Amino acid sequence: MVPAHVPADRVVDFDLFNPPGVEHDFFAAWKTLLGGPGLVWTTANGGHWIAARGDVVRGLWADAERLSSECLAVTPGLGEVMQFIPLQQDGAEHKAFRMSVMKGLASRFVVALEPKVAEVARELIDGLRPQGRCDFVADFAEILPLNIFLTLIDVPLEDRPRLRQLGVQLTRPDGSMTVEQLKQAADDYLWPFIEKRMANPGDDLFSRILAEPVMGRPWSVDEARRMCRNLLFGGLDTVAAMIGMVALHLARYPADQQLLRDQPDLIPAAADELMRRYPTVAVSRNAVADVEVDGVTIRKGDLVYLPSVLHNLDPASFDAPEEVRFDRDLTPIRHTTMGVGVHRCVGAGLARMEVIVFLREWLTRMPTVSLDLGKPVAMKGGNVGACTALPLVWSV
Ligand code: HEM
């Protein structure tokens, strides 16, 4: 049922988990909403608003006063079960917890981590190269961020395989685990590390964050679990999706591979531009006050979806938005790939470093990589869109 305050000309049927043609092209599927009204109401998934124009996406994302992050609304049960810190917090509470997390991920630590991340990437690439082909998603994109995360929290190598299966469920859920089971499995895995770091801090990411008092007191066990869960869930499928899209771009545009090999100093700018061009995250908000926007009213209690793709690929946001231009001026960062405003990704610096390291190590250690034209590239929709299959080949 469409609520009475939604004008008929704003109603669409758009299932963000399965938009039309998403299996072939996630971006084209979302772009079917561009060019119409700036805010539409979809009847799919119980009914909710979708911001469908760049300025509306960005403007609403910045409005943390009237749009709450508390309930991760669209995926049923997700918010209630996960209780992420700081992602699902609002106001002063959010600010206090976020500050501690930000300190743990400060740029000096990100810089210090780079050699370790490069080592993890090299190890994986060197294992792949003699094979001459791979499914980049299963063989690389899903593994790299997981291994990096485990390195960040200082998990010994022999403990890593236990999280591999869980990592697959996080990045490519096959429905075999409920949200509750997924949360439990993550908590069971993480708890021994959290407990140790709380009792005996080291210099890993969890220790650094948990050593920062929140509102002048130590973290409670429950808060520590919710924060560590947020870092695990926030930093795996997003990075896997991004690296998948970057690898897809390189395979489609061999001239860009060559350009970045010839001029590696372009790699940081290339990482920024590729992150702008291939935004995969869409977030949801719950209105806690009426919001007038684009000639309609989002009523208190309504859900709004904010897809970064409809900001970054709107020609009103960026000139020729689908072209990848390594010399595009992106300063200050105006794209919404990592969000906007008070919830902007706390892992943004780390994620950027991971993409830069991936580009550098991949282009240095691999020959020209192409799509395996005999097999299809496949994609999926959802809160984080991604390639689900990316068959690549190269000569050995
Ligand atoms: C390319 C990779 C990544 C992308 C595209 C991405 C995207 C985002 C976006 C769009 C948000 C804003 C959410 C909102 O407004 O509701 C966000 C928040 C967040 N991200 Fe990331 N992220 C990435 C990597 C990471 C990594 C590596 C980590 C952790 C190590 C991380 C941890 C978080 C956390 C904890 C938040 C919540 C921040 C807050 O609510 O204050 N993310 N991310």
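Which helix is histidine 249 found in? Histidine 249 sits in helix H11, and H11 also turns up around the ligand, where it gives the largest share of the shell, seven residues. Keep in mind that this is a predicted model, with local features needing pLDDT of at least 70 and side-chain atom pairs counting only at pLDDT 80 or more, while totals for chains, interfaces and linings use all residues. Residues are numbered from 1 along each chain as its sequence is written, and side-chain values use heavy atoms, leaving out hydrogens and water.

**Around the ligand**

- The ligand has 25 residues around it, and the closest are His94, Arg98, Arg285, His343 and Cys345; a residue is near if one of its heavy atoms lies within 4 Å of the molecule.
- By type, the shell splits into 14 nonpolar, nine polar and two charged residues; here Ala, Val, Leu, Ile, Met, Phe, Trp, Tyr, Cys and Pro are nonpolar, Asp, Glu, Lys and Arg are charged, and the others, Gly among them, are polar.
- Histidine 94 puts a polar side-chain atom 2.7 Å from an oxygen atom of the ligand, arginine 285 does so at 2.7 Å, and tryptophan 61 at 2.8 Å (a polar contact is a pair of N or O atoms within 3.5 Å).
- Two or more shell residues come from each of helix H4 (91-104), helix H11 (221-252), strand E6 (282-287) and helix H15 (348-365); helices (H or I, at least four residues) and strands (E, at least two) are DSSP runs, numbered from the N terminus.

**The iron**

- Cys345 (SG), at 2.3 Å, is the only protein donor of the ligand's iron atom (donors are N, O and S atoms within 2.8 Å of the metal, or 3.2 Å for Na, K and Ca; water is not among the atoms, so sites may look incomplete).
- You'll find cysteine 345 in the loop between helix H14 (309-312) and H15.

**The nonpolar core**

- Of the 128 residues in the largest nonpolar core, Trp30, Leu60, Phe136, Phe140, Leu359, Trp362 and Leu392 touch the most other members; such a core is a set of buried Ala, Val, Leu, Ile, Met, Phe, Trp, Tyr and Cys residues joined through side-chain atoms within 4.5 Å.
- H11 gives this core its largest share, 17 residues.
- Setting aside neighbours within four places in sequence, leucine 60 is in contact (heavy atoms within 4.5 Å) with Leu39, Ala51, Leu67, Val291, Val293, Ile298, Val304 and Leu306.

**Back to histidine 249**

- Histidine 249 counts as buried because its relative accessibility is 3% (buried means under 20% relative accessible area, exposed over 50%, partly exposed in between, with a 1.4 Å probe and protein chains only).
- Not counting residues up to four places away in sequence, histidine 249 touches Asp256, Leu274, Tyr278 and Val324.

Key:
A polar contact is a pair of N or O atoms within 3.5 Å; within protein, one must be able to donate a hydrogen and the other to accept it, and residues adjacent in sequence count only if both atoms are side-chain atoms.
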